[in-house]
Every structure is written in structure tokens, then in C-alpha cells.
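Here are a few notes to read with the structure open beside you. Take them one at a time and find each part as you go.

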Amino acid sequence: MKLDGFGIMVDDMPAMVRFYRDVLGFAIQEEEDAANVYLEKDGTLFLLYRRSDFEKMTGRKFSYVNGWNGHYEIALSVSNYAAVDRAFAEITALGGQAVMAPQTEPWGQRTCYIADPEGNLVEIGSFVKE
């Protein structure tokens with residue numbers, strides 16, 4: 001088996017599409033009201049599934065965590081430490097929810113966390129000082 005991508009279950013598809021497309025720069029082909037949306041970033045496929053449509057398709061009810069959650073993170077890398085700081089400032093100015101401001105970790109990575117409109121974590125980091 002080959003990993004093709006992974007899916008995120010969402011309630012508010014238009015808000016999530018706008019965030020990943022307009023704020024984070026993911027390529028999206030579908031309209032904001034589609035049941036399933038394919039996002040692509042640097043060759044990695046992400047899928048947004050509307051929770052209610054997925055449950056209808058599978059004939060099952062699922063439980064979901066609401067608010068900020070740490071079930072997984074999407075990790076994005078940038079060129080250097082300064083780019084981490086710039087990305088955090090730009091993304092939070094555009095509506096990304098600040099979870100952790102940029103800081104340099106003991107292992108040498110400068111990193112920060114934001115949350116998408118439904119509370120999923122997005123990490124932005126770099127191991128390059130300059």
C-alpha cells in the first residue's frame with residue numbers, strides 16, 4: 001500500500017476551505033460547498049470531508065472532538081527561523097488562532113502552532129537559523 005494522503009473531518013466546509021486555500025496557500029479545485037474537498041500542498045494530498053456527508057455515506061455516527069484538539073498536527077516547514085516568525089504573524093493576522101508563539105526548542109527547531117477554524121493544530125517550523 002502507498003500513502004496517498006489523509007482526511008480531516010469538518011463541520012464548516014466553507015470556513016475550512018477558505019483557511020487552507022487563502023491563508024495557508026493549499027491548492028483546492030472544488031467549490032466551498034462540496035462534500036469532499038481535495039487540497040494539495042507540495043505533493044501531499046489532504047482531504048476535507050464534511051462530517052455529516054461522511055456519516056451518511058458510511059451509515060455510521062462518529063464522535064468528534066470540538067475546540068482546540070491535539071489528535072494530530074499538520075507540520076509545515078519554512079526556510080529559516082525568521083520565516084517562522086513571519087508566517088506566524090501573517091497567519092494570525094489573517095485569522096489563524098494562535099496556539100503557541102514562535103520559540104526555539106532545545107533540539108534546535110524554531111516552531112510555532114496555530115489552529116485552523118475547527119481547532120486542528122498546524123505547526124510551522126524550521127531547523128535553519130539563517
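Is Glu-32 buried, partly exposed or exposed? Keep that question in mind; the model is a predicted one, and we come to Glu-32 in point 4.

1. Start with the sheet. Its 4 strands form an open sheet in the order β1-β4-β3-β2, and the pairing is mixed. Both β1 (5-10) and β2 (27-28) are edge strands with a single partner each, so one side of each has no neighbour in the sheet.

2. Now look at β2 and β3 (residues 36-41). These strands run antiparallel and are joined by 2 bridges. Ile-28 has Leu-39 in β3 as its bridge partner.

3. Next, the helices. Helix α1 (residues 13-23) lies across β1, β2, β3 and β4 (44-50), at about 160° to β4. Helix α2 (residues 51-58) also packs on the sheet, where it touches β1 and β4, and its direction makes about 85° with that of β4.

4. Here is the answer about Glu-32: with 23% relative accessibility, this residue counts as partly exposed. Glu-32 forms a salt bridge with Arg-18 (2.8 Å, N to O). Arg-18 lies in helix α1 and Glu-32 in the loop between β2 and β3, so the pair ties together parts 14 residues apart in sequence. Glu-32 also forms a salt bridge with Arg-21, at 3.0 Å between the closest N and O atoms. Arg-18, Arg-21, Asp-22 and Glu-32 are linked in a salt-bridge network.

5. Finally, the structure holds 8 salt bridges, including one between Asp-11 and Arg-51. Asp-11 is partly exposed at 47% relative accessible area, whereas Arg-51 is buried at 10%.

Methods
Residues are numbered from 1 along each chain as its sequence is written. This is a predicted model: local features need pLDDT of at least 70, side-chain atom pairs count only at pLDDT 80 or more; totals for chains, interfaces and linings use all residues. Side-chain values use heavy atoms; hydrogens and water are left out. Two strands pair if DSSP finds at least two bridges between them. Contact means heavy atoms within 4.5 Å. Axes are lines fitted to C-alpha atoms, for helices over the stretch in contact, and angles run from 0 to 180 degrees between N-to-C directions. A salt bridge is a side-chain nitrogen of Lys or Arg within 4 Å of a carboxyl oxygen of Asp or Glu. Buried means under 20% relative accessible area, exposed over 50%, partly exposed in between (1.4 Å probe, protein chains only).
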